Structures are given as structure tokens and as C-alpha cells.
Amino acid sequence: MPFGLGRKGSSAKNLMKTKVDDLESAKTKLEEDVEKYKTEVESYKKEAEGAKKQVEEVKVKAEEEINTAKEEVQTVKKEAEETKTGLMDQIAMYKKQAEDALKQVADLKNKLAQFTSGEGLGNIKEAASGMFSQGASKIGF
């Protein structure tokens, strides 16, 4: 028995060995846990990077769709303005035609008034007799 420890020394030695074994087991368990957590952290990192990439892709797509929508709005606005201008031109043309038609109606009314007055009938009679005499002279009368 070294140093006179006897049996008590043996049991202390066993106790120390058990404690060392327990500490080594705990150390191994901690190292395994650390590796497990490192693996999980790497996995979460990769997921986060993938999510970040997806967010960027969605952002780019959204910006493209917004720009496309803006262009479509501008195209629709331009077409609406062109249509408005075309309609305004047509309205102006129809208004002028209506004004011209009203002038023609007024002229016809004036001519009809002259025709129904004695002066207009005399002119028609003269014109008819002139045409009759020209026709008769051509025939030989």
C-alpha cells in the first residue's frame, strides 16, 4: 500500500477514477453537443442564405412587374389621350358638317322663299320659255 493509504486510499482512488470518467464522459457529451449545434447553425445559415436569395429574387421580380405595370399604365394613358384627341377631332368635323348642313338648309329655305314669291315664278317662266324656244328653234320651228 503506497504511502499507507490502505483500503481508504483504494476507495478514494476509485472515487477519483469515477469522477474522471464522469468528467470525460461529460466532456465527450459536450463535444458531441457542440458538433451537433455547429451542424444546426450551419444548416440555419444555409437556410437563411437561401431565404435571403429568394427574397432578392422576389424583390427583382416585383420591381420588374412594377416597371411593366407602369409602362402599361403609360401606354393606356397615351392610347386614351390619342382616342380623346381623335374623338375631339371627329366631334369638330361633325359639328362643322352640321353647321354646313344648317347653312344649306337656310340657303334652300331662302331659295324656296324666292321660288314661291312672284319674282321667283317669273324667273322660272322666263327660263322655261327660253328653253322652249331654244328647243323649238333646234327642231326647226
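1. In this note, helices are DSSP runs of H or I with at least four residues, numbered from the N terminus. The model under review is predicted. Its secondary structure amounts to 2 helices and 0 strands, and helix 1 covers residues 6–116.

2. The protein has 141 residues, of which 3% count as buried. Its accessible surface is about 13,200 Å², and carbon and sulfur atoms account for 61% of that area.

3. The structure contains 5 salt bridges. One of them joins K38 to E35, with 3.8 Å between the closest N and O atoms. Both residues belong to helix 1, where they stand 3 residues apart, about one turn of the helix. K38 is partly exposed at 48% relative accessible area, and E35 is likewise partly exposed at 46%.

4. A salt bridge also links K45 and E42, whose closest N and O atoms are 3.9 Å apart. These two residues lie in helix 1, again 3 residues apart, or about one turn. K45 has a relative accessible area of 46% and E42 one of 41%; K45 is therefore partly exposed, as is E42.

5. The side chains of K96 and D100 form a further salt bridge, at 3.6 Å from N to O. D100 counts as partly exposed, at 30% relative accessibility.

6. E56, E57, E63, E64 and E65 make up a negative patch; E57 is placed in helix 1 and is partly exposed at 44%. L87, M88 and I91 form a nonpolar patch with about 310 Å² of accessible area together. L87 lies in helix 1 and is partly exposed, with 46% relative accessibility.

Note on methods
Residues are numbered from 1 along each chain as its sequence is written. This is a predicted model: local features need pLDDT of at least 70, side-chain atom pairs count only at pLDDT 80 or more; totals for chains, interfaces and linings use all residues. Side-chain values use heavy atoms; hydrogens and water are left out. Patches are made of residues with over 30% relative accessible area and no salt bridge: like charges are joined within 9 Å, nonpolar side chains (Val, Leu, Ile, Met, Phe, Trp, Tyr) within 5 Å. Accessible areas come from the Shrake-Rupley method with a 1.4 Å probe; for residues, only the protein chains shown count as cover. A salt bridge is a side-chain nitrogen of Lys or Arg within 4 Å of a carboxyl oxygen of Asp or Glu. Buried means under 20% relative accessible area, exposed over 50%, partly exposed in between (1.4 Å probe, protein chains only). Lys and Arg count as positive and Asp and Glu as negative; His and the chain ends are not counted. The place of a charge is taken as NZ of Lys, CZ of Arg, CG of Asp or CD of Glu.
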